[in-house]
Structures are given as structure tokens and as C-alpha cells.
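Me: Hi, I'd like to go through this structure with you bit by bit. Could you keep it plain, since I'm new to this?
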Amino acid sequence: MDEALLRSLTPSVLSVLVRRGADFAAAEDAVQDALVEAVRVWPERPPRDPKGWLVTVAWRRFLDATRADAARRRREEAVDKEPTPGPAPTADDTLRLYFLCAHPSLTPSSAVALTLRAVGGLSTRQIAEAYLVPEATMAQRISRAKRTVSGVRFDQPGDVATVLRVLYLVFNEGYSGDVDLAAEAIRLTRQLAAVIDHPEVAGLLALMLLHHARRAARTAPDGSLVPLAEQDRARWDTEAIAEGVGILQGALARDRLGEFQAQAAIAALHADAPTAGETDWVQIVEWYDELARLTDSPVVRLNRAVAVGEADGPRAGLAALAGLDDSLPRHCAVAAYLHERDGDLGTAARLYAEAARKAANLAERDHLTRQAARLNARFRH
Amino acid sequence: MAKYLLLKHYRGAPAAVNDVPMDQWTPEEISAHIQYMQDFAARLEKTGEFVDGQALAPEGRWVRYDGEGRPPVTDGPFAETKDLIAGWMVIDVDSYERAVDLAGELSAAPGAGGKPIHEWLEVRPFLSAPPTITE
């Protein structure tokens, strides 16, 4: 049984229940129960109409949970014996579900958890494992999130930007357990792109595909990070790159630039270079300029300094870095790299070691420690 | 979505404001303290921010490898290098500010005279998984 296919039915089944008058929190629980039941039953008895089956079972679970009247339930079960498809939910229903789960009243972690469950159809346990917290904690986070949005009307329009931020978080942050969060983020963004025509949704989908394409090359067999310049480009997924580039071109043609399109454009330029040496850094700097105009983010300016260092030489990169707050994450690592390229190996070694101490994740810390060790070993010879 | 360790240990930080050893408290004060800690953890479970909380025995042994085929050497405890780790709590929160707020609340646990202990707790971020998008 294709679990992703099963889970892709989640939003429309949930929408049917909500349209029939079920409140969101109870409907969401009922749909979860139906998904669990499907995983149990379908391998033996695959339904003719999977969505109709899920709607029937979820609706029955909803009634079970909300009505104590056993006699009435039996009557309805008799009526519902043959699975019947519910009213066809519209694309707008799915879109509204995304809006609700990314509602601005939710904290980022709550929005992520609720989106993965109510839109993605993942179980609480799967989400808890993906974020390395106890299942009870995740269950509380989700039920609290549902209470937070309980007063929000389902038919209210939302801001697609909040949804994109949540999906970006799912893609970019999380551990790799049984659930592949990056692949899940791509699936959810693809599903979103199918129900709303928006260049930034396309931009985010392209960005994800272009980065996901490099995944196999990003880590060595021992789990250590392989920097972009040293990656074996033959291991990049050319199909994902082609799809990402195609989606990006379509979005850019609409002439409504946004930050995700600009980020995707940078990723596309990297993807386009047969070797690291052939990277079009001049164009990449131009895209960073666009991105800085769009977001005014210090992290963008930091990454721009790296690109300037490649396009115009390390001195220019260091000059671009000079104006930035040195408490920025990875500032020290960027400075170390630029000093090394500039030939100042002593400073570079010291900065790599300092950057390692400041690293926010283990893989990066190990990588930076190795860089410092590599330079220090040269001094001993 | 970041994990922090709230660590209760005695190395480097100044003494707590209400610095009376626990064995000098009244039994009711001890119960009130324990209740406060349990309520704090229970509240974090409800907000979906609790990951783990443990208390440690005050003393342990030092152990090191002693070469191929030999049993490990054990030694200590060494009173002069005492770095007592009393316990910890691991939280999963949306921001550093939230972690600091919670550590502040935990530090307000009542001690002698039913007054907050004001003890110093160390807030240490966990190293996370590497982000996918770095450029």
C-alpha cells in the first residue's frame, strides 16, 4: 500500500467532514483514526473508492466520538454500510486547510506539527519522532494548536506567505528519522501548488527540488558534510533539477519576484554549473542583491559576502563582510573561509576553530573543526 | 523548535540568593519545593514543550580505559574537584527568549522560608540537525 497516496487524501477527507458540520478538532481526530484503520485493513481488502472509504470511516468515527446515542449510531451504520463518496471538496477547501494550520496565532512549532498531521496525515508518533520529542508532548502541542485555531472560521482567506514559511521550516529543519521531512515538505508544497496559482509557491517548490537534488552528494558515507564546491555533481538528481528549473522559469516569467524565487534562482545557478569552478558567481551576486532588497535579512548579506568573495576575490568578500554584525550565525565560518582564500592561513585556522565552537549543529561543528585541523597541520610541517 | 538543557549544577555561578541547604528546610518547605518542580514539568507537558527531566544521585565514580584486556579503572569521588550536577530539564521551545523565561521560572522554586531560591541555572542549546539550505 502506498502510504503517501493514502495520506494525500487527508485534506480532502477532512474538508468533507468540516463541510458536513463537524468541528475542525474533532474531524481531524476522526480522520486520523480512519487513516490508522486504512493502514490496517487495506492491504487485505483494498477499497474500490479509497476516498469514499475514508470519508465513511472518518464520519462514523466522528459520530462515535460526538454522539453517545448507541441506537442512532447503529441506524446510521446500517445506512452507511456501503461506502459512499462524500460531496466533492473543492481546491479551495484544501487551501483553507493549509491556511488554518499555518494560522498566524500559532507558534512556528505548533503550525508545523498541525500541518504535518491535519494536511500531511502523519501520526502524532511520527511527528514526535521526526522532532525528537516524547509522543505525549507532541500530542499536547497538537491539541493545543487545535484549540488555538478553534475560533477561526474555516472559510476565512489566509495569507499564503505564512503557509510557505511553515513548509520551508518542515523542509529545512528537522531530524531524519523514519519520516523523510524534506520529501514530505516537497509533497505538501506540490499539493499546495496544485490548488493555488502563486509564483512564490512555485518558487518554494523549485527551491526545495533544487536542494533536494543534491541530497545524496551532501554527506559522505561517514555522515560528514560535503561542502557544495566539493560535491560529486554526478550524484545530483538531474530529474529533480530539471523539474525545479522548469517550475522556476514558469514562476519568473510571471514577473512577480519574491524571496523564494530568488533563492531558487541561486540554487538553479549552482545546479547549472558542471563544475564548481564554472559557477556563474557574478549572476549569483546579482540574485543576492535582489534577495537583500526583498528581505533585508542579515543572513542574506552574509551569504552575499561569500558570493562576492567568489566573484570579485576574497578581499572584496571580506569588505562585504566588514559591515555585518559578527554575532550572526556562521559569520565566523565565512570570515575563516575568506581569509583562507586570501592566503592568511593563521587567521583562517583561528577563525575556523572559533566558528566550530559557535556552530549550531554537530555536522557543521565537525566540518569546521576539520578545517581548522587541516590548516594547523600545515603549520607543523 | 530548538532544544535547550536547563542544567542545575554548581560550578562557576555565584551562590543562590536564598542559599540554605535543603536539609535545613522544614519538611513542608521540601514538599512545596518538590510540588513546584512537578507542577512546572506538568505545565510544560501541557504546552507541548517538555522533553525530559531527570535528577541525579549526588555522587558518582570516575572511570577510564586502562588498556587492552584490562578492566576499566575506577576512582573517586574526588571532593576537591566536585562539580555537582543535581539534575536537568530538556525543553523544546520556539525561541531562546522562551527558554530563558522558563529557566527563570524554574529558578523561582521555593526553598527555605517558602521564598524563591533564585538559584543560577545554566541554559545550554542543543546542537541541532544541519539545515538543508545553507546558501
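Me: Let's start with A:Arg7: is it buried or exposed?
Reply: A:Arg7 is buried, because its relative accessible area is 9%, and the cut-off for buried is under 20%. Please keep in mind that this is a predicted model, so every value here is computed from predicted coordinates.

Me: And which side chain does A:Arg7 meet in a salt bridge?
Reply: The side chain of A:Arg7 meets that of A:Glu3, with a distance of 3.6 Å from N to O. Both residues belong to helix H1 of chain A, which covers residues 3-8, and they sit 4 residues apart, about one turn of the helix. A:Glu3, at 35% relative accessibility, counts as partly exposed.

Me: What about A:Arg117, which residue does it form a salt bridge with?
Reply: The partner of A:Arg117 is A:Asp29, and their closest N and O atoms are 2.9 Å apart. This pair links distant parts of the chain, 88 residues apart, since A:Arg117 lies in helix H7 (residues 108-119) of chain A and A:Asp29 in helix H3 (residues 24-41) of chain A. A:Arg117 is buried, with a relative accessible area of 8%, whereas A:Asp29 counts as partly exposed at 39%.

Me: OK, switching to helices. At what angle do H6 and H11 of chain A cross?
Reply: The axes of helix H6 (residues 91-101) and helix H11 (residues 181-195) of chain A cross at roughly 135 degrees and come within 9 Å. That angle makes H6(A) oblique to H11(A), and their crossing is left-handed.

Me: Which residues meet there?
Reply: On the H6(A) side they are A:Ala91, A:Thr94, A:Leu95 and A:Tyr98, and these meet A:Leu188, A:Gln191, A:Leu192 and A:Val195 in H11(A).

Me: How many bridges join E1 to E5 in chain B?
Reply: There are 8 bridges between strand E1 (residues 2-9) and strand E5 (residues 85-93) of chain B. Among the bridge partners are B:Tyr4 and B:Ile91, the latter in E5(B).

Me: One last thing, what is the phi of B:His118?
Reply: B:His118 has a positive phi of about 55 degrees, although it is not a glycine. It is found in the loop between helix H2 (96-107) and E6 of chain B, and at 41% relative accessibility B:His118 counts as partly exposed. In chain A, the phi of A:Leu132 is near 50 degrees, which is also a positive value in a residue other than glycine.

How values were computed:
Residues are numbered from 1 along each chain as its sequence is written. Chains are lettered from A and ligands numbered from 1 in the order in which they are written. This is a predicted model: local features need pLDDT of at least 70, side-chain atom pairs count only at pLDDT 80 or more; totals for chains, interfaces and linings use all residues. Side-chain values use heavy atoms; hydrogens and water are left out. Two strands pair if DSSP finds at least two bridges between them. Helices (H or I, at least four residues) and strands (E, at least two) are DSSP runs, numbered from the N terminus. A salt bridge is a side-chain nitrogen of Lys or Arg within 4 Å of a carboxyl oxygen of Asp or Glu. Buried means under 20% relative accessible area, exposed over 50%, partly exposed in between (1.4 Å probe, protein chains only). Axes are lines fitted to C-alpha atoms, for helices over the stretch in contact, and angles run from 0 to 180 degrees between N-to-C directions. Angles under 35 degrees count as roughly parallel, over 145 as roughly antiparallel, 65 to 115 as roughly perpendicular and the rest as oblique. A crossing is left-handed if the near helix is turned anticlockwise from the far one by less than a right angle, and right-handed if clockwise. Contact means heavy atoms within 4.5 Å.
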